[in-house]
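Here is a short tour of one model, starting with its sheet and ending with its helices. Please keep the structure in view while reading.

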Amino acid sequence: MNAGVNPGAVSRTLVLGGTRSGKSRYAEELLGDAPGVRYLATARRVPGDAEWDARVAAHVARRPGSWTTEEIGAGPDLAAALATGGPVLVDDLATWLTGILDDAGAWDAPGGSLPEVDAVVGGLVAAVRDAPGPLVLVSAETGLGVVPESRSGRLFRDRLGELNAALAAVCEETVLVVAGRPLRLPPGPAPATGSATQPTAAAPVTPVSMPRPVSDDVATPTGEVAGTPAAVPASGDGGPSPAPADGRPPATDDNDNDNDNRITVTAVGRPDTASRRAAVARVSTLAMPVAGLGRLGELGVWLASCQGECPPRPPVRSRVVLLAADHGIAEAGVSAYPQAVSAIRASAAAAGRLPVTVAAGTAGATVRVVDVGLAEDGFGDDEHVVVRGTGRVDRTDALTPDQAASAWRTGRRLADEEIESGADVLVPGTLGVGASTPAATLVAALTGAEPVAVVGRASGIDDRAWMRKAVAIRDGLRRARPHLRDPLGLLGAVGGTDLTVLAGFLARAARRKVPCVLDGVAVGAAALLAEELAPGAKEYWLAAQPSTEPAAALVLEHLSLTPVLDLAVRTDDGTAGVTVLPLLVTAARLLGETGTAEDTGIVPGAAPARATAAR
């Protein structure tokens with residue numbers, strides 16, 4: 001048994017690691033020679049696979065003879081097996097999750113709604129929380145294995161990350177194994193729902209993060225890890241704050257201290273699983289062929305999960321928020337328009353003369369134009385101005401650390417203002433000239449893409465401007481390298497005022513469970529950073545359309561978002577996003593007002609007797 005480990009004192013331990021990291025051997029050593037250990041094997045045997053059989057035999061041979069092995073079949077069987085006393089070792093959960101996704105047909109399922117997977121995963125987390133222990137769980141850490149960059153790969157990666165985070169929130173100890181060496185992650189406070197000694201009714205468990213400094217994820221010489229790995233939120237402070245009557249979280253949380261420039265990673269709770277399941281069930285009962293509503297049905301289910309009720313409420317106060325800010329990189333000739341056009345566009349938007357404002361009026365949405373960083377004042381209210389203009393991202397930082405923190409909080413404050421005034425769907429956008437250059441730089445930095453892979457024509461630039469833009473992005477990427485593990489530092493170095501405000505806005509709206517429609521490469525780049533600082537926020541976002549900008553395509557892949565429309569709109573100001581709003585209203589009303597097959601008598605098979613008599 002490993003020195004310093006006392007399984008009798010720890011009821012639930014989660015062991016994470018990459019392929020061949022030694023995580024399984026370490027987990028076995030945790031229980032050592034303890035008698036009566038139940039080894040729950042999640043791998044599903046494939047008849048005739050001699051290599052796999054040999055690996056299984058090798059694992060069995062190194063375990064004590066007093067241990068018993070139980071092979072887990074269907075997904076729910078694992079939760080049921082944990083109800084029996086321990087000691088128990090489960091190896092491994094990544095393989096278990098793969099089986100669950102296989103059983104659900106998730107690899108080919110359209111959209112992101114997988115209620116059957118949510119139900120099985122929620123049942124497992126609840127079973128782990130209530131397990132009598134001692135219990136040791138083995139899982140693959142997201143990002144430390146070979147996962148193809150495909151739709152299926154992204155689905156598996158996202159679901160595994162969520163599973164690991166949820167389990168870490170209910171385990172008393174989480175250990176990351178690297179090269180056979182264990183690194184114990186700092187424990188969080190006990191979860192608010194249930195305990196190992198006081199079982200409660202099984203229910204989906206939503207992890208709530210314990211904030212940490214963005215850069216503190218490096219192991220100390222003693223083997224402890226300061227902070228938690230990126231994208232794996234830690235456990236919470238005993239549960240979320242009380243929600244107001246409409247079900248939205250209140251307008252306060254751990255990042256509200258304006259006198260402290262530390263912006264911490266805070267996970268966003270997933271949309272309501274029970275409402276999603278109820279919406280899926282409701283769609284299946286409507287008077288129509290199977291899957292007859294197509295994407296409209298998916299939109300209705302998504303809206304129900306975001307709102308936490310079924311049927312969902314049709315949005316009645318959609319709000320478009322347009323940010324006006326200048327980018328210093330516009331001086332490099334990367335846009336078809338001069339920098340001064342940012343202020344002109346803001347004035348045109350305020351007068352209702354831009355495509356996005358015209359479309360908003362047609363869709364029944366209202367528009368707010370906010371100056372957050374135009375180079376010159378005079379546009380109007382400067383209450384939300386962070387700084388006048390920004391630095392050229394190819395030569396210097398766009399914002400200082402203080403300015404970046406202020407911009408993030410400005411975005412959060414804007415979201416709170418809109419939500420407090422009744423907004424139920426938000427469409428953010430930016431009017432800044434040259435915004436696509438820092439946006440593309442951010443996307444390349446986060447996805448590892450080459451500069452030429454993210455450079456687009458944006459405002460309609462010619463070949464010479466395209467080359468200038470590619471050089472600017474290349475130089476910006478060089479400057480971005482020291483900040484790749486610091487999302488806010490990255491925004492300050494190669495982002496800009498509007499992009500940072502957008503990131504704070506999107507993260508805050510998701511925190512308060514208000515859906516946002518994404519449109520354009522600038523909003524997409526901000527969304528990538530918002531997801532880094534508020535893991536799980538993407539569940540509350542809807543992609544309006546695929547952009548003609550190559551960087552925007554990478555955003556959709558990275559966030560696993562499927563566009564609703566494909567209108568080839570290139571304004572990048574939110575016009576396409578606004579056109580989605582009537583579809584959300586339609587989707588909500590379809591779920592709420594369409595009759596069921598039972599009520600209407602519209603059922604497949606032989607014609608009902610009264611219908612036949614009517615003929």
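Two strands count as paired if DSSP finds at least two bridges between them. This is a predicted model.

**The sheet**

Seven strands form an open sheet with mixed pairing. Their order is β3-β2-β4-β5-β1-β6-β7. At the edges lie β3 (68-71) and β7 (181-185), and each of them pairs on one side only. Direction ignored, neighbouring strands of this sheet are turned by 20° against each other on average.

Strands β1 (residues 12-17) and β5 (residues 135-140) run parallel. Six bridges join them. In this part of the sheet, Gly17 stands opposite Ala140 in β5.

**The helices**

A helix also lies across the sheet strands β4 (88-91) and β5: it is α4 (residues 93-103). Helix α4 runs at about 70° to β5.

Two packed helices are described by the angle between their axes and the distance between the axes. Here the pair is α5 (residues 115-130) and α7 (residues 273-285). Their axes come within 10 Å and cross at roughly 145°. The crossing of α5 past α7 is left-handed.

Which residues of α5 and α7 meet? The table lists them by helix.

| Helix | Residues that meet the other helix |
|---|---|
| α5 | Pro115, Asp118, Ala119 |
| α7 | Thr273, Arg276, Arg277, Val280 |

By class, this contact of α5 with α7 has three nonpolar residues, one polar residue and three charged residues.

How values were computed:
Residues are numbered from 1 along each chain as its sequence is written. This is a predicted model: local features need pLDDT of at least 70, side-chain atom pairs count only at pLDDT 80 or more; totals for chains, interfaces and linings use all residues. Side-chain values use heavy atoms; hydrogens and water are left out. Helices (H or I, at least four residues) and strands (E, at least two) are DSSP runs, numbered from the N terminus. Axes are lines fitted to C-alpha atoms, for helices over the stretch in contact, and angles run from 0 to 180 degrees between N-to-C directions. Contact means heavy atoms within 4.5 Å. A crossing is left-handed if the near helix is turned anticlockwise from the far one by less than a right angle, and right-handed if clockwise. Ala, Val, Leu, Ile, Met, Phe, Trp, Tyr, Cys and Pro count as nonpolar, Asp, Glu, Lys and Arg as charged, and the others, Gly among them, as polar.
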